[in-house]
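User: Please take a close look at the pockets of this protein. What lines them, and which parts of the chain do the lining residues come from?

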Amino acid sequence: MSAQHKDPVDAIIEQWATVRPDLDTTAMEVFGRIYRLSRAMSDRLEKTYASLGIGRGEFDVLATLRRSGEPYVLSPRQLSATLMLTTGGMTGRLDKLERAGLLRRSPDPHDRRGLRVTLTEQGLELVDRAVGAGLAAQTQALSALDAEQAGQLADLLRELLLSTETTEK
């Protein structure tokens, strides 16, 4: 492999090959790259969302409401479960987004103890801009591959993800 086609994971694998040639480092190569890609894209998306005045956590709440479809209403419990957050963590995000006018909380008419979280028009406009900007950043990064390669990668990652989720249960 030429030096210009090597990435930081290659250097790590070469070091292991020198000190422990008995190791099969294939898994390290795959997951090392997945981890580095995840961090790089997370940083890129964080910057993209920050340019719109929100963080990744706030985007996740707004996007979850948006994906729920009209009328863009969920309970705090539904949001917490979807985003795997504690109720305390969710409350902080909801407070911030409500102060910004991006969502509103109201009593649940079917449960006196419950609340409903609704995306506002301003929140809808912002999340639509944010999801477009985020997809543009992801698409730009994926442009290193052609359409067939991107599809193959998506299929392979799906298989890998499904196998790890199955074995964890």
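Analyst: The second largest pocket holds about 280 Å³ of space. This is a predicted model, in which local features need pLDDT of at least 70 and side-chain atom pairs count only at pLDDT 80 or more, while totals for chains, interfaces and linings use all residues. Residues are numbered from 1 along each chain as its sequence is written, and side-chain values use heavy atoms, with hydrogens and water left out.

A pocket here is an open set of points, on a 1 Å grid over the protein atoms alone, where a 1.4 Å probe fits, with protein on both sides within 12 Å along at least five of seven lines; lining residues have an atom within 4 Å of a point. Points are joined across faces, edges and corners, and the volume is the space filled by probe spheres set on them.

Lining the second largest pocket are 13 residues, and S75, P76, R77, G114 and L115 lie nearest its centre. Two or more lining residues come from each of α4 (76–83), α5 (87–99), β2 (103–108) and β3 (111–119). Helices (H or I, at least four residues) and strands (E, at least two) are DSSP runs, numbered from the N terminus. β3 gives the most to this lining, four residues.

The largest pocket has a volume of about 840 Å³. It is lined by 19 residues, with I34, L37, L142, L153 and L157 the closest to its centre. At least two lining residues come from each of α2 (26–50), α6 (121–142) and α7 (147–168), and α2 supplies the largest share, nine residues.
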